Structure formats: C-alpha cells, structure tokens
Amino acid sequence: MNKSPKIIITGGGTGGHIFPAIAIANALKKLEPNASILFVGADGKMEMEKVPAAGYEIIGLNIQGLKRSLSLSNLRIILNFFRSIRKAKKIIRDYRPDVAVGVGGYASAPVLKAASKLKIPYIIQEQNSYAGITNRMLGRKAHKICVAYEEMDKFFPSHKILITGNPVREKISRTKERDSGESKEWFGFAPDQKCILVTGGSLGSGTLNNSVKKWAEENNDNNTGIILQCGKDYYSQIEKDLSTENKNNIKVFQFIADMDLAYSAADLVIARAGAGTISELALAGKAVIFVPSPNVAEDHQTHNAISLVKKGAALMMPDSEAPERLMKLATRILQDSEKINELQKKISVLAIEESDVMIAKEVLKLTKEKAKK
C-alpha cells in the first residue's frame, strides 16, 4: 500500500459485539501492522473499558437504545441519535478513515450513516440469522455484508453477501486442545466430575441465574458441578441467595475472562443464543441448551437458536419455562452420553474458522480499492 490504511470500527454494548470487533482489529494488525484503527462506541458501555484494555483508542457517543414502552425518554434518545450522527461526522472528518466497519450495537448506526453521507465505504458484520431493521437499511449502501448464516439474501442484496462466520476471542479456538480434566480441576472440581456451564453472556441473565438458584434450593445434588457466569449486576444477590450447603459445587463468577477453560471443563453448556456465543460454542464443539432472550430486537436470538435446533445441533427451551424445567432437563441430558456426543458432533460441523481474518482481508481489499480512485 502507498499509505497506511485508516479504519474505524464501530459498535458494542455487549461482549457479543465487542469481542468480534476486537478480533477483527487484531486480525487487521496482523495482516497490516501499520494499519491505524479507531473504535467508536457508546458512552457508559462495556466497549469503553474493554477496547482500551485490548490496546486500541476509542471515542464514545452519547447514545442509547429506544425503550420498548411508550416513554418521554425516547424523545431524548432520538435527539441524542441525531447528535451522535453529527459527532460521528466530526470524528470521520478529523480521522479521515479509508473504511468503516460496523459490528452492531448502539454506536454502529450513527457512525455508518455518517460514513455514508461523507462517502466513506463501509462493511457490515451481521452476526444474526435474522437481520434487524437498522442493518437492513444500512445494508443498502454497504460495500459488503459479512454474515454467519445462509439464506441472508432475504435481508440483503445477494451480491453484497460474504459468508465469513462470526469472529470470536482468539482463545476459544484452542478449547479442544485443552484437557477437560485439568480444566475442571482449575474450577475446583474432580477431573471426572460432570459439569455444566451456565452463562447469560457478558452482562448475565436473571432467568438463568434464577434457574440455578431454584435448582440449588430444591436439590441435594452435590455431584454435578456448576460454573455460573452471572454478570456484574447480579453477582452480589446471587452470591447471597445461593444456599451455603450447595456452594461447594456451584462456582459463581461475574465474568469469565478465560472462557476457553470454562468451555473445556463443561460437559454441557446452558446459554443465551447470541450470535457470538453460538459461534464460540461451534468452534469449541460443545453440547448446548439455548434459552433465547425475549428482550432483544425482533426476537433474533430465537431465530438463531432455531437454526441450530433444526439441524440437530442444539436443544432449546423458552425463557418462560426455564426456571421450572431448565436444570431438570440439563441434568437429565448430562447423563445421556450418546445425546451429548451427537450434539457435539453436529454443532462442530457448523464452525467457521478464521472469520476475523476473512473479514480483515475484505476490509484491506476495500482500502486498496479506495486508494486507486
């Protein structure tokens, strides 16, 4: 290249958006060490902490999601959205990127809208099997839409679609190389002890936490090990609620940084059905019961989970039924080694490796095309 490429990566809100964004940035730096990368996120969200910790600069926008109920606060949120577009324009004019990459989350829409208005080409990384209305609109002017599922041409122009899968944290790809027994010992379990990982994602899930709590209160099963990633906001309460007699086999964490260890230790995983989580589980080859969150735009987690259930690669339970039935199903499946093996094999087939590299190559290709104009 004649000059070092300059790239804006925008999005965040949850680990499901942040970790793929950082993975793309890391791949870009490996392919083009001189590349300059600037993140744009939402003030007060996880990305404002996680991105600098990964070694990248980030600028925050004052933007939030609309409330689902009628609320006067939505008027302020809409005003902030248009202010965020103006601020994004200033960021773009000052930074002068060659390309922008949107990974989803609150900040992604205003930045990509500003990029479009300023004639900066952009790429969308659509993680879900059911594209939301914002990405569908942004897709009209996108250069490419990198997707993880087939049949996405019902949402985007087919000539713009590139199947890349979803980037995941680098450690996840090494999960299968770890010794399961050693991983269980790391969490304080016996090497041959059956173990379930319960994770509501980076922010946690009240439903999944309560399901574990109810199971702990009603059962004296100290043979099954539970690793619970509960989320920072739930941690104090779930620690208090879990009965002391069961705590020796339930390990509670606000957030698990070494998720490859947790996946390795788990014989079965219970999780929300965010796109990033699904990609991680496919690469790790783990049997899973999905409990899709009902509190996401256009119910995309249910669509994600169903796409795997139809292929026999996962089980699913509605959120409303989880407190009563989830742990009973999980402990029953845990004893069915044939079912566990079947789920592991079928989800492994769906894994796409080096998604971050594929997306990074497309980004760099676009910077070269822009440089020629």
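Author: Lys346 counts as partly exposed because its relative accessibility, at 35% in this predicted model, falls between the 20% and 50% limits that separate buried from exposed. Its partner Glu342 is likewise partly exposed, at 31% relative accessibility, and the two form a salt bridge in which the closest N and O atoms are 3.3 Å apart. Glu342 and Lys346 are four residues apart in helix H13 (residues 337-348), so about one helical turn separates them. Elsewhere, salt bridges with shared partners join Lys214, Glu218 and Glu324 into one network.

The search of the whole structure finds 13 salt bridges, among them one between Asp241 and Lys213, with the closest N and O atoms 3.5 Å apart. This pair links distant parts of the chain, since Asp241 belongs to helix H8 (residues 235-241) and Lys213 to helix H7 (residues 206-218), 28 residues apart. Asp241 counts as partly exposed at 23% relative accessibility, and Lys213 counts as partly exposed at 23% as well.

Asp319 and Arg272, by contrast, are both buried, and they form a salt bridge whose closest N and O atoms are 2.8 Å apart. Here too distant parts of the chain are linked: Asp319 lies in the loop between strand S13 (315-316) and helix H12 (322-334), while Arg272 lies in the loop between strand S11 (268-271) and H10, 47 residues apart. Arg272 is also among the residues in contact with Phe290, and Phe290 is one of the residues with the most contacts inside the largest nonpolar core, which has 60 residues.

Methods: Residues numbered from 1 in each chain as written. Predicted model: local features only at pLDDT ≥ 70, side-chain atom pairs only at ≥ 80, totals over all residues. Heavy atoms only, no water. Core = buried A, V, L, I, M, F, W, Y, C linked by side-chain atoms within 4.5 Å. Buried < 20%, exposed > 50% of the residue type's maximum accessible area, 1.4 Å probe, protein only. Contact = heavy atoms within 4.5 Å. Salt bridge = Lys/Arg side-chain N within 4 Å of Asp/Glu carboxyl O. Helix = DSSP H or I, 4+ residues; strand = E, 2+ residues; numbered from the N terminus. Lists of a residue's contacts leave out its neighbours within four places in sequence.
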